[in-house]
Amino acid sequence: MKESDQDNTLLHMFQENPGRFLSGEEISRKLSISRTAVWKQINKLRNLGYEFEAIPRMGYRMMDEPDALSMDTLTAGMTSEYFGKPLILLDKTNSTQEDARQLAEEGASEGTLVISEEQTGGRGRMGKKFYSPRGKGIWMSLVLRPKQPLHLTQQLTLMTGVAVCRAIAKCTGVQTDIKWPNDILFQGKKVCGILLESATEDERVRYCIAGIGISANLKESDFPEDLRNVATSIRMAGGAAVNRTELIHSIMAEMEGLYQLYNEQGFKPIASLWEALSGSVGRDVHVQTAGERFSGMATGLNKDGALLVRNQAGELIPVYSGDIFFDTR
């Protein structure tokens, strides 16, 4: 039996026996392979997102199957007019940001969306690695071709955060908040990261790539040890599996609506929505920029999208780039 046929037969065995333990001996006999080969086949399925319980002398029981994305359901249910159209669905990639950037360089239209089931080189701000396991999250990048000056593209990061927060609440009931500038948190733990990158020419923005990475259906055991204290998933927060396709549809609809509002009325209405969803405004924060570190209270956004922080001397300081850390006292 070919290895691919073995994979399919093993999967069918578990699907035809829901909730039942299948012994290694039974599987070995059915597939005509060794017990060691059975273990390897189980691990192959685990790497594809299937979850198994293994108990000595009882065997293996399938606990969960991956919620695979499909091109048909993604395209059929997309209610946005042009965001998410066209759509490219990949099984595995290094980075959807790089894929979308390449498409933009080749002339891809605004609204082009790249989604991948897995990223092997996903990244966040300042080159940080972004954990993107197979079948557990939403790893996608959207091509934008905005008209505003380069120094205002930060506003699009904030707009994207609002869209994601609103979509998560609508689809799952989970209430998240935004940590300036680009993280979505649930009870202080990160569920989503946003990365907006721009390409310019002669002080003009040629295109922007809005990267969105959401830990949708990860369980605690899915996270590496070093992330478990700082990251969570929508599934862990809400206690139920997330329909990733519906959430993608909702994010695209929210993004398109907010983008149209932004183009028609400017940043002011977006800033109001952001401040209402922010977990940063009204809190004591420590600010780390490239040149300094200071403490104060976050009070809101200025007209450009910078975070306004009132320092200990009472001065209102606009923070355009950097990181903030919450006061834990």
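Let's start with a cluster: Y82, F83 and Y259 form one aromatic group. Rings of Phe, Tyr and Trp (its six-membered ring) pair if their centres lie within 6.5 Å; planes under 30 degrees apart are stacked, over 60 edge-to-face, and the rest tilted.

A word on the source. This is a predicted model, where local features need pLDDT of at least 70 and side-chain atom pairs count only at pLDDT 80 or more, while totals for chains, interfaces and linings use all residues. Residues are numbered from 1 along each chain as its sequence is written, and side-chain values use heavy atoms, with hydrogens and water left out.

Now the pairs. How many aromatic pairs does the rule give? The count is 3. Take F14 and F52. Their ring centres are 4.9 Å apart and their planes stand at 65 degrees, so this pair is edge-to-face. F14 belongs to helix α1 (residues 3-15) and F52 to strand β1 (residues 51-55), so the pair ties together parts 38 residues apart in sequence. Helices (H or I, at least four residues) and strands (E, at least two) are DSSP runs, numbered from the N terminus.

Buried or exposed? Both F14 and F52 are buried. Buried means under 20% relative accessible area, exposed over 50%, and partly exposed in between (1.4 Å probe, protein chains only).

Next, F83 and Y259. Their ring centres lie 5.4 Å apart with planes at 45 degrees, so the pair is tilted. F83 is in the loop between α4 (71-76) and β3 (87-90), and Y259 is in helix α8 (residues 244-265), 176 residues away. F83 has 0% relative accessibility, so it counts as buried. Y259 is at 2%, so it is buried too.

On to charges. The charged end of R283 sits over the ring of F326, 3.9 Å from its centre. For K179 over F325, the distance is 6.0 Å. The rule: NZ of Lys or CZ of Arg within 6 Å of the ring centre and within 35 degrees of the ring normal.

Last, V174. Where is V174? In the loop between α6 and β6 (177-179). V174 is buried, with a relative accessible area of 6%. Leaving aside neighbours within four places in sequence, V174 is in contact (heavy atoms within 4.5 Å) with I168, A169, F186, I234, A237 and G238. The C-alpha atoms of V174 and A241 are separated by 12 Å, and these residues are 67 apart along the chain.
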